[in-house]
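This report describes a ligand site and some aromatic rings. Please look at the structure first.

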Amino acid sequence: MSSRTPYKVLCVCLGNICRSPTAEVVLRHYCDARKLNIVVDSAGTSNYHPGKAPDLRSQQHALKRGYDLSSLRARQLTIQDFLEHDLILAMDLENLSNIQDLQAKAEAQFGALRARIALMSEHDQDYPQQALPDPYYGGAEGFERVLDQCESSSKAWVEIFQQHQSSQV
Ligand code: 4NP
């Protein structure tokens, strides 16, 4: 991570309307609070909701904690994303597997890729290596759980990012 070129992180779930937009805004909040030179975006492995705003339930639960998701719009993950991002964060294991399938296609087309892939919960001691459960077909507690876990995992990631950025200045 150089102190000039931003480190680019892409949060990825299935629909890009519940978990990954929440992760995007929460992770950006913690990166900005530490003044880290990091850009955060999100995408979905599916093409279920292209161009749509985040699910209203995600928006409402997030807003109660001060996170505004309203300007985000869903898009599908592309092979180009593996060239444009440094880190792709999968919300659950199915996402991880689908991202890895696309990574193989990107590698076949482009050769060496910029992005590495990890789970959102990779460094999270409170949710160790745990999937971020899909809240789409459930109730309010699922959306709160997404926020709890995104906050917890984002705090763990900013510790990692900070260590890298301070060792490279
Ligand atoms: P997300 O949630 O992957 O967290 O955005 C979902 C959104 C939509 C659907 C499934 C999960 N769907 O089946 O349309």
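The sections below cover the model, the ligand and the ring pairs.

## The model

The model is predicted; local features need pLDDT of at least 70, side-chain atom pairs count only at pLDDT 80 or more, and totals for chains, interfaces and linings use all residues. Residues are numbered from 1 along each chain as its sequence is written, and side-chain values use heavy atoms, leaving out hydrogens and water.

## Around the ligand

The residues surrounding the ligand are C13, L14, G15, N16, I17, C18, R19, Y48, H49, D134, Y136 and Y137 (a heavy atom within 4 Å). This shell divides into seven nonpolar, three polar and two charged residues, where Ala, Val, Leu, Ile, Met, Phe, Trp, Tyr, Cys and Pro count as nonpolar, Asp, Glu, Lys and Arg as charged, and the others, Gly among them, as polar.

## Polar contacts

A polar contact here is a pair of N or O atoms within 3.5 Å. An oxygen atom of the ligand lies 2.8 Å from a polar backbone atom of G15, and an oxygen atom of the ligand lies 3.0 Å from one of I17. For D134, an N or O atom of the side chain is 3.4 Å from a ligand oxygen atom.

## Aromatic pairs

Rings of Phe, Tyr and Trp (its six-membered ring) pair if their centres lie within 6.5 Å; planes under 30 degrees apart count as stacked, over 60 as edge-to-face and the rest as tilted. The count is three aromatic pairs. One of them, Y136 with Y137, is edge-to-face, at 4.9 Å centre to centre and 80° between the planes. Another, W157 with F161, is stacked, at 5.5 Å and 25°.

Note on methods
A polar contact is a pair of N or O atoms within 3.5 Å; within protein, one must be able to donate a hydrogen and the other to accept it, and residues adjacent in sequence count only if both atoms are side-chain atoms.
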